[in-house]
Each structure stands twice: as structure tokens, then as C-alpha cells.
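Please open the model in your viewer and keep the selection tool at hand. This tour moves from one selection to the next and says what is found at each stop.

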Amino acid sequence: MTSNTEVGAEYLNNRVGPVMRAGELAEAVAEAAREDNPGKEIRVDDKRAYLRIDTDDEMIIRRTTIEQALGRPFNMPELEIDLSSFSGRIQTNPDYVRFYFAKRV
Amino acid sequence: MAVLNRTDWYDVARTTNWTPKYVTEDELFPPELSGSFDIPMEKWEAYDEPYKQTYPEYVKVQREKDAGVYSVKAALERSKMFENADPGWQSVLKLHFGAIPRGEYAASTAEARMMRFSKAPGMRNMATLGSMDEIRHAQLQLYFPHEHVSKDRQFDWAHKAFDTNEWAAIASRHFFDDIMMARDAISVGIMLTFGFETGFTNMQFLGLAADAAEAGDFTFSSLISSIQTDESRHAQIGGPTLQILIENGRKEEAQKKVDIAFWRAWRLFSVLTGPIMDYYTPLEHRKQSFKEFMQEWIVEQFERSILDLGLDKPWYWDIFLEQLDQQHHGMHLGVWYWRPTVWWNPTAGVTPEERDWLEEKYPGWNDTWGHCWDVIIDNLVEGRTELTLPETLPIVCNMCNLPVNYTPGNGWNVQDYSLEYNGRLYHFGSEPDRWIFEQEPERYAGHMTLVDRFLAGLVQPMDLGGALAYMDLAPGESGDDAHGYSWVEVYKQLRMKKAS
């Protein structure tokens, strides 16, 4: 177990990204996260019911990349069907979704 | 005909403020309901919701979500998952379904208040969808447990709990009435959508979904994680609201509202989510401990977002961290001990293997809470079950309406945070609980806890039978040990081994 002083400092992080219900779309989003954020380390924490997909500072997920991963047309608002939560702030757009922080810590 | 891109028309379509000619602004937006904070109308119009959604998109996406959730239910209906589930897991479901769906109906009214009375057009749009979300949550979570009512009448409490004076129902109502039913639209945006929904709902709807998936209950896992996709969107109502308050010199008030909602949610979740994650969920299916889920969702994710929006850590942060190791163990012990007063069957969760797990996750557990359970176990081994049942009442906090409890053992340092107000002595379980009362004493002073009601003679006869009748707990509904004390056998055998 981690001591509570350490736990208490864990909020000092810059991790951003979606938390997806497990399934086909979650896998596609994880793939898009890797494709659309070159050079960044993408972490995927599989909690069986959900996948926590994150990276530091900023993450972009593009509609076309999800389409490639799924092999079928995809509208960006459909992301919400499995987007259970997310770290950081969100910016929604017809062609991409962006997760970010306004302030770095 | 080509359809315009959403970004080309969204702002125009939802900018629906106009200049009233026949009524004043205060008549159109009564301050008590709107929450003006002396911020002029045009400043509210700067509200820009980050998670944009239009009505046609909403309908399409929600239809997809429901199709998914109902098909999982239909596909697994004949799997006998529920019948074969450990009684501890069945208790998780009973507790969840009693505590949540009727609160969701109430939340749709709170969203409707923002939909009608907020001065920010973007907020009204998001809250329109939010209000429909909450109706979906109430209906789903009343429909899913309904199939079990004929097998087990404790499931009837999905519909019934909020209409009773059962103590956990009183505590829930007091909290939700405070943050969402009895506040203006702006405060609801801050306290319900930001303070509660971006934080603690993730514990119950995603953390618990992970445990549910481990337990093989994919119907429940799919249901609650789908509900959380709605929350994920409409919880974003709060962020821009906070931003406008901060930009207009109202940071202190905004901070206070977040601090109140956060603390009150923490107290309620220490009795709602803590015990089911660390004691009721069968050991082999526990994905993480309650504390680890709290660290993931509340410390690393929620607290970080508070900082990003320009607010500070709550002043009671250290008290909160200290309680992370402690509070829910006491709540669990209390719920199990007062088990006839709840609508589910509490799991003790203290077999030797489970105690090893608790000791690993919470070092020192055996030396503190373990001692209390040792006494209970001794009594059960000796067949003195009556000594493990309640004869007296706990001291209940006048804010969270939950028993005042502290860690037993050598570090025993119980403290009653009391306060005299208008000639009456009030008792609180912690400094933040008392602080919340002090911010607006007239708001809280008239409420009577269950124990206040007992002492005022409202519960008759003044014994357990009278209390159960007051709480509407009929035989067959009133809780008992989830496993019918079968777990005590292992301790009997250990004794016999020791004696031989």
C-alpha cells in the first residue's frame, strides 16, 4: 500500500485521455491514440469493464483513424456511446476530439 | 441537399437569450432559482460548453446506447447469473438499486432547473439533454431490478427506499436535497454536475463496473458503465460555470460550493461504495480496493480537474486523506451490526483470507477493526448471536446523517464536533461536517436525524421493532447476514483445531 502522503500528491499529474467501456470501439480508440499522437507514450490500462487510455499533456483522436481501425464509417458524436469518462478537459469537433489540460503541473 | 457542418450553426442555434419587453430580467430569471451572483446577462452568454451535442445527435446516440444495454440484458437473461451469484454480490445489487434510481429521477428535476432558469444558453442546452439522461437512468435502474422482485422482496426497495424513513435513505435524501434540489441553477451546475458527477459517480458506475465484470455480471457492468457515458457528457455543465464565476470575481463562493459537495459526497460514498467494494464483492472478484479506486478516480482524476479549472485543493484535504484508510471500515462494521435496519443483507467479509487481504490493503486493519470483529466472531462461535445485534442507537452526525465513528484500537481518538445553535446542541462526525453547517446554519438547523426523531418520541414503541416499523422495513425485507453466518464455520474449526 502507498502511504497517504504519497496518495495525496498523486493529483499532481498531467495525464489526459478517454476512459472507454471495453469493446470494439475502445480498441479502435486505443489504436487511434497511438496513430494520431506520434512520438508520445500511450498507456492503456485494461480494467476489464473499461480501458483507461492516457498520455501526458494532450491527446488527439481523429475520426478518420477510428474509421480505419473499425473498417466502417464513423461519426465523431458516436464516440459517446462508450466514452464513460475522461481525464483532463475535452474539446469536441466533427473531425477529432482533443483531451488536454489548461495548466501543467 | 448538403447539410451544414455542426460547427457552422451550433453557436447560432443555441444562443437563445433575448431582451424581454413585458417582464423584467428578475421576473424571467428569478434570482432564487437562477442564481445571478450579480453577474450581468452578457457575461453568462460567454458560457461555452466544451462537450457539444445537438438534439438529433443525442437521439441517435442514446438509441444506440439503449440498444446495447438491453441486448446484453436479453442475451444473458437465461444465464442464471443472479441465481448462482454469491449472496455478497446479490447484496451489492440490492444496495445499489435501492440507493440510486429514485435519486436519478430527482436529478432530472435538478437538470430541468438549469434547463429553464440558467442565464447561460449553452448550459440550458446541455441541461435539456442532461434532464433526459437522468430519466433514462431512473427508468433503466428501476426496470433491471424489477425481474428479481418476485424472487426476493428486498429488490422492491429499488422503488421504495426513497419514500421511507430508513436511515440510509434519510442520509441520501439529505445530501441530494442539499446539492441539487434546494439550490439555484448555477449552484446545481457546480455542486451536482461538477462536484458530484465528474468525481464520485465514477466510483459507483465505473469502479463498481470493473468489479461486476470480474464477478461475471456483465448485465450490471454494461448497464452502469453505459449510464456513466451520459454523465461524462452532462457533468461538463459545471466546468464553464466555474470559469464564469472565477472570471467575475466569485472564486471564493465557487470554491466553497465545490468543497461542500465534495465532502458530502465523500461521506455518503464511504457507506455506499466502501463496504461493497472491500467487503461484499467476493474476494476473488475484487479488481482493486476501495482506496485504490478512490486514488484512481478522485485523487488522480477529479482533484486534478479542480486544479485545472483554477480552484484550490479543499481546505480539509489532509483530513480527507486520513479518512481514506478508515472511514468506510467503521461504516461497514456499523451497517453489519445494525443489519436489521437496512434493505439488503450485509456481508461480514471477514474470513481469514479476507482479513489477510484487508491487512495488505490497509496495514493495521487486524490491530484496529479486526479487534471489534474478533469479539463478534467469538460471540457467533459461542452461539451468542443476540450479542451481535443492536440494542442501542449510534450517535448520528447532524450533517451527513451517518454514525459518528473512528478507528478503534490503540489509536482510539473519538471526537464529537459539537456546535450550539439557537439553543440546541448539534453533533458532527468531523470538522468539515460542522464547517458545512456553519456556512448556512438556518438551512440545516431544522432537520432531525433518525436519532433526533427517536429521542423526540416520533418512533414508537422505542425499541428495535418500533424503529423497523418507522423505517418501513417489513419481515422479509429487513437485513440479516448475507451468508446466514455460514462463514463462522471456519472459525469454529480453527477453535477445535487449537483445542485438540
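**Two crossing helices in chain B**

In this predicted model, begin by selecting H12(B) together with helix H16 (residues 251–272) of chain B, whose axes come within 9 Å and cross at roughly 45°. Angles under 35 degrees would count as roughly parallel and 65 to 115 as roughly perpendicular, so H12(B) and H16(B) are oblique to each other. The crossing in which H12(B) passes H16(B) is right-handed.

Now show the side chains where these helices meet: from H12(B) come Ser187(B), Ile190(B), Met191(B), Phe194(B), Gly195(B) and Phe196(B), and their partners in H16(B) include Ala254(B), Val258(B), Ala261(B) and Phe262(B). By class, the residues of this contact are 10 nonpolar, 2 polar and 1 charged.

**Helix H8 of chain B**

Next select residues 101–117 of chain B, which form helix H8, and compare its ends: 17 residues at 1.5 Å a residue should span 24 Å, and the end C-alpha atoms are 25 Å apart, which agrees. Among the buried residues of H8(B) are Pro101(B), Ala107(B), Met114(B) and Phe117(B). The buried residues of this helix pack against several helices of chain B, including H7 (87–99), H9 (121–146) and H12 (185–197).

**Where the chains touch**

Finally, display both chains, and look for the 32 residues of chain A that are in contact with 43 residues of chain B. On the side of chain A that touches chain B, S5(A) gives the most, with 5 residues, and this side of chain A has 15 nonpolar, 8 polar and 9 charged residues.

How values were computed. Residues are numbered from 1 along each chain as its sequence is written. Chains are lettered from A and ligands numbered from 1 in the order in which they are written. This is a predicted model: local features need pLDDT of at least 70, side-chain atom pairs count only at pLDDT 80 or more; totals for chains, interfaces and linings use all residues. Helices (H or I, at least four residues) and strands (E, at least two) are DSSP runs, numbered from the N terminus. The expected span of a helix is 1.5 Å times one less than its number of residues. A residue is buried if 20 or more other C-beta atoms lie within 10 Å of its own, exposed if 12 or fewer, and partly exposed in between; C-beta atoms are placed from the backbone. Two residues are in contact if their C-beta atoms, placed from the backbone, lie within 7 Å. Ala, Val, Leu, Ile, Met, Phe, Trp, Tyr, Cys and Pro count as nonpolar, Asp, Glu, Lys and Arg as charged, and the others, Gly among them, as polar. Axes are lines fitted to C-alpha atoms, for helices over the stretch in contact, and angles run from 0 to 180 degrees between N-to-C directions. Angles under 35 degrees count as roughly parallel, over 145 as roughly antiparallel, 65 to 115 as roughly perpendicular and the rest as oblique. A crossing is left-handed if the near helix is turned anticlockwise from the far one by less than a right angle, and right-handed if clockwise.
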